[in-house]
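Please have your viewer ready.

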Amino acid sequence: MNEERIYQLLGYLVNNNINAEDYEELMQYLGEATENPALQSTIDRIWAELTPTQQLNPDESDALYQQITDNPRFVQQPIHIKRRWLSYAAVILLLLATGAGTYLWFASSRTTSLAYKEVSVPPGQRLQLKLADSSIVWLKAGSTLRYPVSFTGNTRELFLSGEGYFDVTHRDNQPFLVHTGGVTTKVLGTAFNIQAYDQQLTVAVVNGKVSVAEGDTKLGVIVANQLLEYHLQNKQVALKDTIAGNMIAWTKGELILDNVTMEEAAVTIGKWYNVAIVFADPELKKSRFSFSFLHEENIGEVMNMISQLNGFSYHIEGDTITISKKKPLRRQPQR
C-alpha cells in the first residue's frame with residue numbers, strides 16, 4: 001500500500017490540482033478500498049487530515065448520491081462510488097459544478113487554463129529550477145515538485161513533497177503558495193526552505209516573512225533566521241531561532257549537521273548519498289552531535305568522521321551501512 005501516494009493524490013483533489021491520470025489512479029484506490037478494510041481505513045484517516053468530512057443525514061446522502069450518479073460526466077466514464085465515499089464525491093461534484101478549469105477530468109474535456117509540470121529528484125542528486133516568474137527553486141534528493149508552466153491567476157501555487165529552497169520573486173498582487181499536504185506556506189517575495197518528510201514539516205526563512213497555515217488554522221508567521229516546526233499527528237507547533245544559512249547549505253553541496261541525533265543524521269545522509277543506514281543497536285540513534293562537511297566528502301570520509309565523533313563502528317556493504325557499538329579492546333595477557 002503506497003500511503004504517501006494516496007496522501008499526495010487526495011491533496012491534489014482537495015487543492016484543485018489533479019490531472020486526468022492522477023484522478024483515475026485515485027478512483028482506482030477508492031474502488032479497491034471498498035473491498036479492502038485496511039486501505040479503506042488509511043484513506044479515511046488521510047482524508048480526515050486533509051479536509052473536514054461532510055456530515056450528511058440519510059435524505060441528503062440519497063439526494064447527493066443520485067445527483068452524482070446522474071451527472072453526465074460520470075456517465076461518460078463510469079465511476080462506481082458507494083455511499084461510503086460521499087465525502088470525497090461531494091468535493092468532486094462541487095468542483096465539477098463550479099467548472100474548475102484546472103482539472104483535466106476526462107478524455108473528453110482535456111482543455112485547461114493552467115498546465116502543471118512535475119519533477120522528481122533521484123536519490124543522491126539535487127536540482128535547480130527557474131520558474132516562469134523568475135523565482136528560483138532548489139530541490140533536494142528524493143523530493144517532488146508540481147508547479148505551473150505559467151502563473152496566470154491571482155496566486156502562484158506549487159505542491160511539494162520532500163525538501164525545497166525557494167527564492168521567490170516579489171509580486172504584491174500574486175501571493176506565492178507552497179502546499180505540502182494539507183499545510184500551506186504563503187509569501188509575497190522572500191527566500192525560505194521547506195522540509196516535508198513523514199509527519200513533520202519545517203519551514204525556515206532566510207529573508208523576508210512567511211505565514212504557515214493548515215486549512216483555516218494559522219500555525220504561525222516567521223521572519224529571517226526563524227523556523228517553524230509542525231507535527232502533523234499531534235498538531236504541535238514550535239517556533240525557534242535558527243541560522244537559516246545552515247538550513248540551505250545543501251543547495252551549495254555542503255552537508256551541515258547541526259545539533260542532530262544520529263537517527264536524524266542517518267536520514268539526511270541516506271538521502272544525500274543514496275544509501276540505507278541501519279542500526280545494530282537502537283541506543284546509537286540517540287547520540288547527538290554537530291558537524292559540517294563543506295568539500296563534498298565521499299560517504300567513507302563522512303562515516304569515518306562521524307564514527308570517531310560518536311564512538312561507534314560501521315560496515316559498508318553495497319548501498320547499506322550498518323552502525324554498531326565499538327567492541328572493547330581485548331587486554332593482552334601479561335607475561
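What percentage of the 335 residues of the protein count as buried? The share is 44%, where buried means under 20% relative accessible area, exposed means over 50%, and partly exposed lies in between (1.4 Å probe, protein chains only). Before going on, note that this is a predicted model, in which local features need pLDDT of at least 70, side-chain atom pairs count only at pLDDT 80 or more, and totals for chains, interfaces and linings use all residues. Residues are numbered from 1 along each chain as its sequence is written, and side-chain values use heavy atoms, with hydrogens and water left out.

The protein has 9 helices and 18 strands; these are DSSP runs, helices being H or I with at least four residues and strands E with at least two, numbered from the N terminus. Among contacts (heavy atoms within 4.5 Å) between residues at least 6 apart in sequence, 48% join residues at least 24 apart.

Now zoom in on strand S8, residues 191-197. This strand is mostly covered, with 5 of its 7 residues buried. Strands count as paired if DSSP finds at least two bridges between them. On one side, S8 runs antiparallel to strand S5 (residues 156-167), and 6 bridges join the two. Here Gln-195 of S8 is the bridge partner of Glu-163.

S8 also pairs with strand S9 (residues 200-207), again antiparallel, through 7 bridges. Look for Ile-194, which stands opposite Val-203 in S9. S8 and S9 form a hairpin with 2 residues between them, and Asp-198 in the turn has a positive phi of about 50 degrees.
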